[in-house]
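Please load the structure in your viewer and keep the sequence panel open beside it.

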Amino acid sequence: MKELLKNLLYTSVGAAFLTRDKLDELRNELVERGNMTREEGKEFVDDLLKRSDSARDQLELWLNRQVEERIKGLDLATADELAELRRKIEELQVALNSKEDPESSSNDA
């Protein structure tokens, strides 16, 4: 569920992040028009990529927190809690089986 929510949000937010190819395309256009030098264009792209990576990291962190809070709010059992319940059920099943067939358990001893 957590991965699904993350993927859905990434898909919708992904359009807001420019890819390296798009940034290179924009840089080339600005350089060709004479709006910036090649060096300025490289710095421009590098800066935008850093900002994009930072925004993506912050979004992922925020998303993880949001999903964890929502899951916590649902009061769902954790994997550890489920494992503990399975262990208890197995113990109860063994206890029930020994009561249903006392001769079997006495013959086993």
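What follows is a list of stops, each with something to select and a description of what is there.

Before starting, note that this is a predicted model, in which local features need pLDDT of at least 70 and side-chain atom pairs count only at pLDDT 80 or more, while totals for chains, interfaces and linings use all residues. Residues are numbered from 1 along each chain as its sequence is written, and side-chain values use heavy atoms, with hydrogens and water left out.

**The whole chain.** Coloured by secondary structure, the chain shows 5 helices and 0 strands, where helices (H or I, at least four residues) and strands (E, at least two) are DSSP runs numbered from the N terminus. Of its 109 residues, 15% count as buried, that is, under 20% relative accessible area, with exposed meaning over 50% and partly exposed in between (1.4 Å probe, protein chains only).

**Helix 2 against helix 3.** Select residues 20–33 and 38–73: the axes of these two helices come within 9 Å and cross at roughly 155°, the axes being lines fitted to C-alpha atoms over the stretch in contact, and the angles running from 0 to 180 degrees between N-to-C directions.

Now show side chains: the contact (heavy atoms within 4.5 Å) involves, among others, Leu23, Leu26 and Leu30 of helix 2 and Phe44, Val45 and Leu48 of helix 3.

**Along helix 3.** Next, select the buried residues of helix 3, which are Gly41, Val45, Leu49, Ser52, Leu59, Leu63, Asn64 and Val67.

Thr37 is placed in the loop between helix 2 and helix 3 and, at 43% relative accessibility, counts as partly exposed. A distance drawn from its C-alpha atom to that of Arg27, 10 residues away along the chain, reads 9.4 Å.

Finish at Asp75, in the loop between helix 3 and helix 4 (79–100), where phi is near 55°, a positive value in a residue other than glycine. At 69% relative accessibility, Asp75 counts as exposed.
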